[in-house]
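These are my notebook entries on one structure.

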Amino acid sequence: MSNRVINILVPVISVIIGLIVGAIVMAVSGYNAVDGYIALWNGIFGDSYTIGETIRQITPYILAGLAVAFAFRTGLFNIGVEGQLIMGWAAAAYVGYAVEGLPKFIHLPLALIAAALAGAFWAFIAGVLKARFNVHEVIATIMLNYIALHVSNALIKVWADGGDKTQRILETASLRSPFLESMTQYSRLHWGIIVALLMVVVMWFILDKTTRGYELKAVGFNHHAAEYSGMSVRRNIILAMTISGMFAGLGGAMEALGTFEYVGIKGGFTGIGFDGIAVALLGANTPLGVIFGATLFGSLQNGALNMPNEAGIPTEIVSIIIALIIFFVASGYVIRVLLEKFNSKKEGK
Amino acid sequence: MSFLDVLYFIIPSAIFYAAPLILAAIGAVFSERSGVVNIGVEGIMVIGAFVGIVFNLFTVDVFGDFTPWASLLAALVIGAVFSLFLAIPAISLRADQTVTGVALNLLGAAVALFSVKLIFDKGQTEFITERFARFDIPGLASIPVLGPMFFHNVYGTSILAIVVAIVAWFVIYKTPFGLRLRAVGEHPMAADTMGINVARMRYIGVMISGALAGVGGAVYSLTITNNFSHATISGQGFMAIAAMIFGKWHPLGTMGAALFFGLAQALSIVGGSIPYVQDIPNVFLLILPYVLTIIALAGFIGKANAPKASGIPYIKGQR
């Protein structure tokens with residue numbers, strides 16, 4: 001078995017074990033696990049409406065996953081995707097409703113750019129803290145998540161004149177499409193999926209096809225070596241965080257311009273940013289892997305919504321399964337050792 | 001309201017809000033001192049808050065007045081057991097500690113809510129009937145000025161939190177066990193050479209962290225919210241981590257930071273009725289602990305350095 005096959009097998013085995021343990025949890029709790037998974041399946045692929053909603057759910061997951069994966073590839077752990085996404089969501093919604101009188105082909109890109117910039121700025125802060133003041137990015141981004149939550153809530157309160165959500169964005173900034181909606185029995189499927197897939201290509205291009213991307217990866221691998229070969233470690237760290245935050249901000253735009261078309265005061269985190277860590281981890285931090293990871297976790301999250309109605313099982317079972325999958329992928333060392341033992345035994349015969 | 005009245009009002013609330021933070025943050029100190037980053041404090045606190053409330057609701061007929069304390073004990077045990085979800089992958093299976101901690105947060109929230117829906121068939125629990133009693137500390141409560149500030153109408157849990165912090169300082173700095181714990185977190189290979197079982201010390205560190213975070217969560221739900229729902233614990237765990245960093249990984253410094261963050265929380269909740277404070281937009285009080293932590297880490301308030309080996313799995317024989 002080559003290294004490549006093992007790299008693919010570890011996440012696949014983790015997902016399978018996660019689903020099995022999930023079934024055991026359901027059975028122990030007195031639910032019918034088979035009914036549960038049938039309900040989950042129908043919640044994902046049941047009809048064109050659920051498929052539309054599933055793709056809608058996958059969209060921000062791809063972008064959040066890209067954000068985490070891009071940072072990982074450059075040696076940084078961006079836990080702050082959640083906060084960057086919240087800032088992007090707020091910025092896109094504000095530009096979406098407050099800027100009037102523009103044609104769609106200017107207004108919509110403008111709102112998307114605003115979201116990308118807001119997310120990028122929020123990550124830029126963490127990048128500067130890391131590069132200039134040596135503050136570990138994990139702690140800095142966790143703190144920035146909470147600051148983003150409270151600051152965006154305060155802004156929304158002002159924008160909404162004391163209400164708890166802004167007015168709807170204008171038609172000219174919306175990603176929604178009557179065509180996609182009518183095709184999927186009026187689900188909230190929107191054009192954001194195209195934006196997300198485009199960004200997958202952008203990440204691949206930056207990392208694999210540009211000199212800058214090579215530098216970013218080099219700094220991540222060994223910043224001493226990068227420094228000695230004349231690369232600016234500080235500038236690359238800041239740039240890597242900023243690009244990562246840009247993806248996260250666009251993830252927020254998907255919610256602002258597609259799914260909800262407004263931004264509301266949040267009592268807690270959306271969870272998309274944290275699930276983005278799971279997506280990136282499962283996708284081994286590659287652009288293509290992120291699509292698979294986002295498809296799996298987005299489908300699971302959306303399918304879960306069908307479980308209480310059809311099988312009487314709380315939606316949280318899916319969060320339990322996702323958490324377990326992360327544990328298994330993170331402990332991939334053990335699966336790797338077992339696979340290699342199994343392999344060498346076979347070769348020995 | 002006179003200035004003194006304001007102090008009589010705000011200082012007890014600050015200590016009240018700080019107690020869960022102190023407990024969870026001291027726990028985090030133990031974990032990080034042993035070399036394991038515990039981002040999962042939040043998830044353990046959720047489990048603790050949930051266990052505290054459920055145990056209280058179901059055993060109130062058995063334990064009577066003692067129920068809240070018994071609930072804390074239950075949360076302590078469950079918290080320690082739950083922290084094994086971090087300890088086993090991070091220590092024995094060489095998993096990335098930050099990733100595992102994030103998974104622990106997801107798992108804690110999911111398991112607690114799943115169980116609430118399983119038991120109560122709705123999104124939140126009932127309200128508890130048996131609460132912690134407040135009492136005046138005999139003698140001390142009648143001291144002028146200080147009495148009403150610190151010793152009047154206090155919760156036993158607040159005293160517990162402060163005692164735990166002082167005991168933690170003693171254990172970490174004045175006992176052989178504490179020396180070993182710190183050695184394992186600073187330079188595990190040296191400690192291993194001297195015959196200290198690195199994995200064992202780290203398991204103990206993480207499980208103490210789990211136990212105290214569990215108690216912290218239970219103190220929060222049993223004294224502040226009195227029931228459990230998805231919004232009961234929202235960021236207290238991360239604020240505890242912030243307190244640990246702001247306190248520079250020292251138990252007493254951590255306690256001081258947690259008290260200060262408790263003050264910020266109290267002000268953001270009751271500040272509307274205090275002159276001057278009510279003019280400050282709430283958002284500044286809400287983000288204060290997080291901003292201060294970043295400033296502390298950036299080195300503006302002296303350098304805060306984490307234990308050297310914190311976050312790195314120890315692999316025997318690897319240089």
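I count two residues as in contact if their C-beta atoms, placed from the backbone, lie within 7 Å. Helices are DSSP runs (H or I, at least four residues), numbered from the N terminus.

The model is predicted, so I note that local features need pLDDT of at least 70 and side-chain atom pairs count only at pLDDT 80 or more, while totals for chains, interfaces and linings use all residues. Residues are numbered from 1 along each chain as its sequence is written, and chains are lettered from A and ligands numbered from 1 in the order in which they are written.

Entry 1. I looked up a helix pair in chain A. V200(A), M203(A) and W204(A) of helix 8 meet P287(A), V290(A) and I291(A) of helix 13. By class, this contact has six nonpolar, no polar and no charged residues (Ala, Val, Leu, Ile, Met, Phe, Trp, Tyr, Cys and Pro count as nonpolar, Asp, Glu, Lys and Arg as charged, and the others, Gly among them, as polar).

Entry 2. I looked up where the two chains touch. I found 36 residues of chain B in contact with 34 residues of chain A. Helix 5 of chain B gives the most to its side, with 13 residues. That side divides into 27 nonpolar, six polar and three charged residues.

Entry 3. I looked up a positive phi. E261(A) has one of about 65° although it is not a glycine. E261(A) is found in the loop between helix 11 and helix 12 of chain A. E261(A) is buried (20 or more other C-beta atoms within 10 Å), with 23.

Technical notes:
Helix = DSSP H or I, 4+ residues; strand = E, 2+ residues; numbered from the N terminus. Buried ≥ 20, exposed ≤ 12 C-beta atoms within 10 Å, placed from the backbone.
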